[in-house]
Amino acid sequence: MKITKALTRLNGPDSAPVFLLLHGWGSNEYDLPDLLNYCGAGSADYASLQAPIAYGMGYTWFGDWAHEGVPEGASLDVQALEAAQAIDTWVSENIPANRPVVTMGFSQGGLLACHMLRFNPERYAAAVSCSGWLAPGAMPGDEELKALQRPVFYGHGSIDDIFPAADVQAMSDFWAAHSKLTEQIYPGMAHSINMPEMRDIQRFLESNSFVRPQIW
């Protein structure tokens with residue numbers, strides 16, 4: 001698996017974070033950059049990657065799934081590892097090693113945003129997962145990640161029925177133990193993103209000094 005296309009803006013100073021944007025099932029690299037305007041990062045540098053596998057009118061990170069772009073069990077572990085390896089290779093080839101990288105993704109991309117911290121805990125500074133879930137198998141970086149306590153934001157809707165409740169709980173439990181977790185559940189929201197979530201992401205990014213606080 002190889003990343004061959006990305007939408008990027010990489011003009012900032014070495015100290016400024018790069019937001020690594022990972023889209024969901026059937027979407028593309030144009031899906032997420034505009035969301036940065038709604039979470040205080042509108043002028044930030046970013047790299048929005050196109051998933052390598054064509055699917056319908058868009059692309060997918062996982063080529064085999066149980067339902068609706070959602071692999072499970074050992075299959076998910078294998079496919080998440082393959083995707084993480086491809087993403088990490090692209091990052092190492094295209095983003096200077098001294099620049100902090102904050103991962104942000106939705107659905108499949110939400111899983112991978114957090115999975116990158118498990119794959120390479122030293123490289124990734126924080127993760128924002130919108131409606132993601134957890135690859136269940138252990139990763140070599142998990143113990144190091146627990147010691148580092150990276151900031152992680154996990155937002156999801158109260159009526160999101162894409163994943164079983166046990167999968168959502170597993171995501172919450174893992175990141176509560178392995179990170180400085182901020183979790184928000186949005187009443188009445190299904191498998192989506194809403195404006196309250198974007199405002200919470202902005203507060204998360206501000207509180208961890210990834211964006212400057214805005215005065216309204």
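Helices (H or I, at least four residues) and strands (E, at least two) are DSSP runs, numbered from the N terminus. The structure looked at here is a predicted model, in which local features need pLDDT of at least 70, side-chain atom pairs count only at pLDDT 80 or more, and totals for chains, interfaces and linings use all residues. Residues are numbered from 1 along each chain as its sequence is written, and side-chain values use heavy atoms, with hydrogens and water left out.

Let's start with the whole chain. The protein chain has five helices and nine strands, and from the N terminus on these follow the order β-β-β-β-β-α-β-α-β-α-β-α-β-α. For 216 residues, a compact globule would come out near 17 Å, and the protein chain, with 16 Å, agrees.

How much of the chain is tucked away? Here, buried means under 20% relative accessible area, exposed means over 50%, and partly exposed is in between (1.4 Å probe, protein chains only). On that scale, 52% of the 216 residues are buried. Contacts (heavy atoms within 4.5 Å) also say something about the fold: among those with a separation of 6 or more, 75% are between residues 24 or more positions apart.

Now for a closer look at one part of the fold. Strand S6 (residues 101-106), helix H2 (residues 108-119) and strand S7 (residues 124-130) make a right-handed β-α-β unit. Right-handed here means that, with the strands pointing away from the viewer, the path from the first strand over the helix to the second runs clockwise. Strands count as paired if DSSP finds at least two bridges between them; S6 and S7 run parallel and are joined by six. S7 itself is mostly covered, with seven of its seven residues buried.

In H2, 11 of the 12 residues are buried, including Gly 110, Leu 111, Ala 113, His 115 and Leu 117. The expected span of a helix is 1.5 Å times one less than its number of residues, and H2 reaches 16 Å from its first C-alpha to its last, close to the expected 16 Å. Helix H5 (195-207) fits the same rule: its 13 residues should span 18 Å, and its end C-alpha atoms are 18 Å apart. Among the buried residues of H5 are Met 198, Ile 201, Phe 204 and Leu 205. The buried residues of this helix pack against strand S2 (18-22), S6, S7, S8 and S9.

Ile 193 is in the loop between strand S9 (180-186) and helix H5, and is partly exposed, with a relative accessible area of 25%. Leaving aside residues up to four places away in sequence, Ile 193 touches Leu 35, Phe 106, Cys 130 and Met 198. Ile 193 and Ala 113 are 80 residues apart in sequence, and 15 Å apart in space, C-alpha to C-alpha.

What about the cysteines? A disulfide is a pair of cysteine sulfur atoms within 2.5 Å, and by this rule the count is zero. For Cys 39, the nearest cysteine sulfur is that of Cys 130, 8.6 Å away. Cys 114 is in no disulfide either, with the sulfur of Cys 130 the nearest at 9.8 Å. Cys 39 is buried at 0% relative accessibility, and Cys 114 is buried at 1%.

Finally, two serines have backbone angles to look at. Ser 131, although not a glycine, has a positive phi of about 55°. Ser 131 lies in the loop between S7 and helix H3 (142-148) and is buried, with a relative accessible area of 0%. Ser 209 is not a glycine but has a positive phi of about 65°. Ser 209 sits in the segment after H5 and, at 63% relative accessibility, counts as exposed.

Conventions
The radius of gyration is taken over C-alpha atoms; the globule rule is 2.2 Å times the number of residues to the power 0.38.
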